[in-house]
Structures are given as structure tokens and as C-alpha cells.
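Here is a briefing for a reader who is new to this structure. Look through the model, then read the points by topic.

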Amino acid sequence: MSRRPYIRKVERSWWLGRRRYVMYMIRELTSLFVGLYCALLVVGLWRLGQGRAAWDGFLAVLSSPLGVLFQLLCLAFAVYHSVTWFALTPKAMPLAVRGEPIPAKAIVGMHYGAWAVVSLIVLIAAGI
Amino acid sequence: MSENVTLEILRYRPEVDSEPHFQTYTIPYEEDWVVLDGLNHIKDHVDATLSYRWSCHMAICGSCGMMIDGEPKLACHAFLRDYRHDVIRIEPLDHFPIERDLVTVMDSFIEKLSSVKPYVIAKHKKALSDGENLQTPLQLMAFKQYTLCINCLLCYAACPQCGLNESFVGPAALALAHRYNLDSRDDGKEQRADVVASNEGIWECTFVGACSEVCPKHVDPAAAIQQTKISASLDWFKARLLPGARR
């Protein structure tokens with residue numbers, strides 16, 4: 001008897017309907033907003049190079065309702081990305097001291113600590 | 001009062017079916033039955049044409065992996081009592097061709113597994129008379145969890161990258177490659193790198209993490225792959241940046 005293996009196609013909607021895959025796709029989507037925000041910073045630098053009026057115009061766009069909404073959206077996605085990434089770090093870099101594994105919570109905690117320190121440096125540098 | 005439970009099973013018999021279709025079976029409900037007991041009941045008392053793989057009935061052999069209500073599970077490890085609703089849907093493992101009913105074709109996995117050389121490759125052969133290769137508990141701990149893999153392929157069914165790109169080496173094979181790379185008796189890392197560190201190897205993984213979540217033996221293939229990404233990246237830089245390095 002001849003074999004006739006049947007191959008089932010993966011549907012485009014494979015990620016819908018299971019929480020695990022939806023959360024993963026949202027994490028993938030965050031890269032779009034992180035990328036857009038980087039582009040925004042580059043545009044800011046470009047406008048700054050064009051002089052005072054251009055820079056003020058850029059700031060005005062940022063503080064418009066749409067500008068604020070966009071930044072809040074980027075912030076939300078960046079936070080989601082960071083939090084989910086920090087949660088995964090113990091898998092990617094398990095650390096051990098003298099053969100004793102460091103608990104996962106400590107590794108995650110160190111990342112939050114580093115995040116706080118870097119944020120503080122940025123705030124101080126910005127003169128806030 | 002006897003209770004019943006309904007199993008909705010994806011059938012595919014290549015000699016009569018052009019494509020798979022669901023068939024429902026109503027069987028007695030027993031508190032201590034797993035899905036595999038239900039399938040065995042059908043095979044023995046209802047429909048002898050139903051095909052599926054199984055052997056040990058105790059989550060050791062890794063034969064009875066299937067999709068149970070859309071989730072990859074060992075049928076011997078999934079109690080009917082945990083699915084107390086009308087119908088339990090049972091399908092063959094996702095991302096593998098269906099040979100017949102719940103039996104899949106796993107040739108691609110066997111090829112991928114052998115491509116990562118999952119055995120100790122020692123640079124210097126030791127004579128039997130020189131005694132055993134000793135390992136400290138610490139050296140054993142480095143890789144022990146990865147030795148628990150039973151090749152049940154639930155991780156391949158859970159991984160969307162395996163479904164979207166059939167050339168992806170996949171979680172179990174990469175975790176086993178990592179297992180041997182971490183073994184203090186092994187010198188085969190370089191030989192495995194061609195496959196492991198290729199585009200179809202670790203770099204096809206986008207860290208969905210589902211492989212580790214569904215593993216019935218609590219192996220963590222996602223961790224193995226991320227750790228291999230870091231070590232492969234370091235090797236890549238070392239080979240190019242260090243003075244006298246060989247490219």
C-alpha cells in the first residue's frame with residue numbers, strides 16, 4: 001500500500017485564540033513602535049539642526065494631543081517589551097556564583113535595578 | 001449512574017480519505033482514565049481501525065504526543081477529568097505530516113536530530129583500561145536537565161517557527177546539541193556549529209518560549225537555544241577579533 005502523508009497548512013490566524021501566542025505577537029509588534037520612536041528622535045535631531053524655529057515647531061507637534069497619544073502608545077509598548085524581556089533573561093543568561101545558581105528573581109531584579117540607574121542618569125543629564 | 005465523555009478525533013485513512021475529517025466517539029468516563037485509556041477503549045471495543053502510537057503509558061517513551069484541545073500533550077499524561085466539558089478534541093501533532101489518523105511522519109525530526117551529532121565527541125580516545133570518565137556533580141548539573149528529553153516532539157508542535165519554516169532544526173534537537181556542548185567529556189562543539197549556529201539553527205528561533213511550556217519532562221529548550229545564541233555570538237566575535245584567531 002502506498003503512503004500518502006497529508007500536510008496540514010498553517011493558517012494565517014495561527015496565533016489567534018491562544019493567549020500564549022497572542023502575547024508573543026504583541027511582543028513582536030512592540031518592535032514597530034520602538035522603531036517609530038527611534039525615527040521620531042532622528043527627526044528631532046534633524047529639526048534641531050535647522051534652527052530655533054524648526055525645533056520649536058517639532059516641540060509643538062510633540063505636545064499636540066496626537067503627539068502625546070503617539071508617545072504614550074510608544075511608552076506602553078516599550079514597557080511591555082522591557083517587562084517581558086526582563087522576565088525571560090534568567091533563561092538566556094543563567095548565572096552562578098561558585099557553582100551555586102543565582103535565583104531567577106535576582107537576575108530579573110538586577111535588570112530592573114540597571115533600568116532604574118540608567119533612567120536616573122538620563123533624568124539627571126536632562127536637568128530634571 | 002454511568003457517565004460518558006465524547007472524543008472528537010481527527011481521522012485520516014489515506015486509502016479512503018482525500019483529507020482528514022473529525023469522527024466522534026462516546027465512551028465511558030472514568031475518574032482515573034487518561035486520554036490514552038479512552039483511545040485504547042475505542043480501539044478495543046468501538047473501532048479497531050483507529051491508529052495512534054503509544055507504548056509505556058507513563059510519560060517515558062514519548063510516543064503518544066498529540067494535540068488535545070489544541071494543546072500538545074502526551075495522551076498518557078492528560079486526564080479526562082481535567083477536560084470536564086462536552087467534547088474533547090484530539091488531533092495529530094501540529095507541524096508534522098499525518099501518516100494515518102493520529103500517527104505523524106517524524107522523519108524530518110530524526111534527520112535534524114542526527115545532524116546535530118547528539119553524542120559525546122571526544123578529541124582523545126581513551127582506552128577502556130584507563131577507567132571511566134569522571135565528572136563532578138557540578139559538571140553533571142550543567143547539562144543534566146537536557147538529558148531528560150524523550151523526543152516526544154510536543155515542542156515542535158508548540159513552536160510556530162517549526163510550522164512556518166520546516167527547515168528549522170527545532171527545539172529538541174537544539175537543546176540536545178546544547179546538552180552535549182555543555183558536557184565536560186565532549187569536544188564536538190565546533191563540529192555541531194555548522195548546523196546549530198546556522199540560519200536554520202538557533203537564529204530561526206524568535207523566543208516564543210512555547211517549547212519549554214509544553215515540555216512534559218520540564219526540559220527548557222528555549223533556555224538552551226538562547227544560551228547557544230550568546231555562546232555562538234561570542235565564538236563568532238572571538239574568531240574574527242582576537243589576534244591570531246582562525247576564521
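The points below go from the whole model to its parts.

This is a predicted model, in which local features need pLDDT of at least 70, side-chain atom pairs count only at pLDDT 80 or more, and totals for chains, interfaces and linings use all residues. Residues are numbered from 1 along each chain as its sequence is written, while chains are lettered from A and ligands numbered from 1 in the order in which they are written.

**Where the chains meet**

- The interface brings 19 residues of chain A into contact with 25 residues of chain B. Two residues are in contact if their C-beta atoms, placed from the backbone, lie within 7 Å.
- On the side of chain A that touches chain B, helix H1 (19-48) and helix H3 (65-92) of chain A each supply at least two residues. Helices (H or I, at least four residues) and strands (E, at least two) are DSSP runs, numbered from the N terminus.
- That side of chain A has 12 nonpolar, 1 polar and 6 charged residues. Here Ala, Val, Leu, Ile, Met, Phe, Trp, Tyr, Cys and Pro count as nonpolar, Asp, Glu, Lys and Arg as charged, and the others, Gly among them, as polar.

**Domains**

- Chain A is split into domain 1 (14-81) and domain 2 (93-128). Domain bounds come from an automatic or database domain assignment.
- In chain A, the C-alpha centres of domain 1 and domain 2 lie 25 Å apart.
- Chain B has domain 1 (4-104) and domain 2 (107-241). Their C-alpha centres lie 30 Å apart.
- The contact between the two domains of chain B takes 14 residues from domain 1 and 12 residues from domain 2.
- Strand S3 (65-68) and strand S4 (71-74) of chain B each supply at least two residues of the domain 1 side. The largest share of that side, 4 residues, comes from S4(B).
- By class, the domain 1 side of this contact in chain B has 7 nonpolar, 4 polar and 3 charged residues.

**The sheet of chain B**

- In chain B, 5 strands form an open sheet in the order S2-S1-S5-S3-S4, with mixed pairing. Two strands pair if DSSP finds at least two bridges between them.
- Strand S2 (21-28) and S4 of chain B are the edge strands, and each pairs on one side only.
- From one strand to the next, the twist averages 35°.
- Helix H1 (residues 35-46) of chain B packs on the sheet and touches strand S1 (4-11), S2, S3 and S5 of chain B. The direction of this helix makes about 95° with that of S2(B). Axes are lines fitted to C-alpha atoms, for helices over the stretch in contact, and angles run from 0 to 180 degrees between N-to-C directions.

**Strand S3 of chain B and its partners**

- S3(B) and S4(B) run antiparallel and are joined by 4 bridges.
- B:Ile68 stands opposite B:Glu71 in S4(B).
- The hairpin of S3(B) and S4(B) has 2 residues between the strands, and B:Asp69 takes a positive phi near 50° there.
- S3(B) also runs antiparallel to strand S5 (residues 87-91) of chain B, through 2 bridges.

**Helix H6 of chain B and its partners**

- Helix H6 (residues 171-181) and helix H9 (residues 221-241) of chain B pack at about 60°, with their axes 8 Å apart.
- H6(B) and H9(B) are therefore oblique to each other. Angles under 35 degrees count as roughly parallel, over 145 as roughly antiparallel, 65 to 115 as roughly perpendicular and the rest as oblique.
- Residues of H6(B) in this contact include B:Leu174 and B:His178, and those of H9(B) include B:Ile225 and B:Thr228.
- The contact of H6(B) with H9(B) has 7 nonpolar, 3 polar and no charged residues.
- H6(B) also packs with helix H7 (residues 189-196) of chain B, at about 160° and with axes 10 Å apart. That makes H6(B) roughly antiparallel to H7(B).
- B:Leu174, B:Ala177 and B:Asn181 of H6(B) meet B:Lys189, B:Arg192 and B:Val196 of H7(B).
- The contact of H6(B) with H7(B) has 3 nonpolar, 1 polar and 2 charged residues.
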